[in-house]
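Okay, thanks for coming, everyone.

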Amino acid sequence: MRLSRYFLPVLKETPREAQIVSHRYMLQAGMIKQSSAGIYSWLPLGFKVLRKLENIVHEEQAKAGHIAMLMPTIQSADLWRESGRYDGYGEEMLRMKDRHDRDMLFSPTAEEMFTDTFRSYVKSYKDLPLTLYQIQWKFRDEVRPRFGVMRGREFLMKDGYNFDLTKEDALHAYNRHLVTYLRTYERMGLQAIPMRADSGPIGGDYTHEFLVLADTGESEVFYDSAVTDISLGQRDVNFDDKAQCQSIMDEFTSLYARTDETHEEDLFNAVPEERRRVARGIEVGQIFYFGTTYSEPLGATVDDGKGGQTPIHMGSHGIGVSRLLGAIIEASHDDKGIIWPEGVTPFHCGILNMRSGDDACDAACEDLYAQLTKAGLEPLYDDRDERAGAKFGTMDMIGLPWRITVGPRGLKNGVVELTSRRTGESEEMSPADAVARIVDIYAGL
């Protein structure tokens, strides 16, 4: 993409309404525009990253055998009354009436819809196990929306639901989701720690939140620092292998890691003192096992193969996709702007022309742009007739991991400058070597 043809409304001033780094930088980098309190338009750069996160979630869900679908955002209140949650959910639920005076609501979550779909079509234990999920917009009427996309009213969320014959099978689905989520976050350049949490209005006895450590996190967290040394890395995971999924679950959850809601001082004090940590965390996902909480009142049963009917065991699993953008920025930035991990960057590298209009610089930039594009990458070429300082400022703010700077002095010596946004280190090399280095970096992802 040529920056002269792209819609990137970068702000020079600091927005007064932004209280945390991610909100400020998303506004300054032209990623979002506030529509009303807690509701945002996603501008091209923000939308591009949002889609990258969404694709990673889809890919990791598919590897685990989970099946994507899409539910409506506007739902009938009748189904929620049937489950008993319509009146009890609270004021966060946006309730409305249609033109026929029927009670409707804007979905804050989708347990009822998925359970109703299941009970309409699945009748036999032979059709189990089954995990369905969607990535869809949700609305929760926060009383004080703040922190940009971190605590907005409208948000994009992945919510999945497993349907199993037994508790044992459902707990395998729980473990499987923990593994898929850890893989998902690692691909996004995040270290998300699974922590024992409170189930809240969803219900159930088993639940873990995934939290990214950040000073602006809304939750106080207590953990054993040894948990941050564990990584899935390149492990080959067989998601049908119950023993392997249980082993990975045990590896991560055997060490103390709790949110403030489930913190137990005695257990925390049993952690070696040098490994005890108290910090703030941003919730980016949560998994639940809630048994037959929804299947029994909604009549979601299957033939058990013995002449009877049995309610299915369920769990739900959510990832705040739009919230992840804020979490990534909170975890990866400096005083100049965003620093995108390679796995989620909107463009793979920036090309900065130090002297637009100079024949040699223009030709070299065009060739770099063509070579990177041919290699299947997306460069952002700053071809604007702007001051060098403004170009550097824009590149630093939008946070592309790599930048190739092309200037007349370097070209006389046959070199361009390749710079890492994360470390700030630069290296001179030939244009061909710069292309090869960028291609090699992304080939490993």
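This is a predicted model: local features need pLDDT of at least 70, side-chain atom pairs count only at pLDDT 80 or more; totals for chains, interfaces and linings use all residues.

Next up, a sheet. We've got three strands here, forming an open sheet in the order β4-β6-β5, with antiparallel pairing. The edges are taken by β4, residues 74-76, and β5, residues 94-97; each has a single partner strand, so one side of each has no neighbour in the sheet. If you ignore direction, neighbouring strands in this sheet are turned by 35 degrees against each other on average. Let's look at one of the pairings. β4 and β6, the latter being residues 103-106, run antiparallel and are joined by three bridges. To find your way around there, look for serine 76, which stands opposite methionine 104 in β6.

Now over to a helix. α2 covers residues 44-63, so to speak our 20-residue helix. From its first C-alpha to its last, α2 reaches 29 Å, close to the 28 Å expected at 1.5 Å a residue. Quite a few names come up when you ask what's buried in α2, among them Leu45, Val49, Leu53, Ile56 and Val57. The buried list also includes Lys48, Lys52, Glu54 and Glu60. After α2 comes glycine 65, and its phi is positive, near 85 degrees.

Let me finish with two single residues. Proline 9 sits in the segment before α1, which is residues 21-28. Is proline 9 buried, exposed or partly exposed? Its relative accessibility is 29%, so proline 9 counts as partly exposed. Leaving out residues up to four places away in sequence, proline 9 touches Gln28, Gly30 and Leu43. As for arginine 81, 72 residues along the chain from proline 9, the two C-alpha atoms are separated by 45 Å.

The other one is phenylalanine 210, in strand β10, residues 206-213. This one comes out at 0% relative accessibility, so phenylalanine 210 counts as buried.

Conventions. Residues are numbered from 1 along each chain as its sequence is written. Side-chain values use heavy atoms; hydrogens and water are left out. Two strands pair if DSSP finds at least two bridges between them. Helices (H or I, at least four residues) and strands (E, at least two) are DSSP runs, numbered from the N terminus. Axes are lines fitted to C-alpha atoms, for helices over the stretch in contact, and angles run from 0 to 180 degrees between N-to-C directions. Buried means under 20% relative accessible area, exposed over 50%, partly exposed in between (1.4 Å probe, protein chains only). Contact means heavy atoms within 4.5 Å. The expected span of a helix is 1.5 Å times one less than its number of residues.
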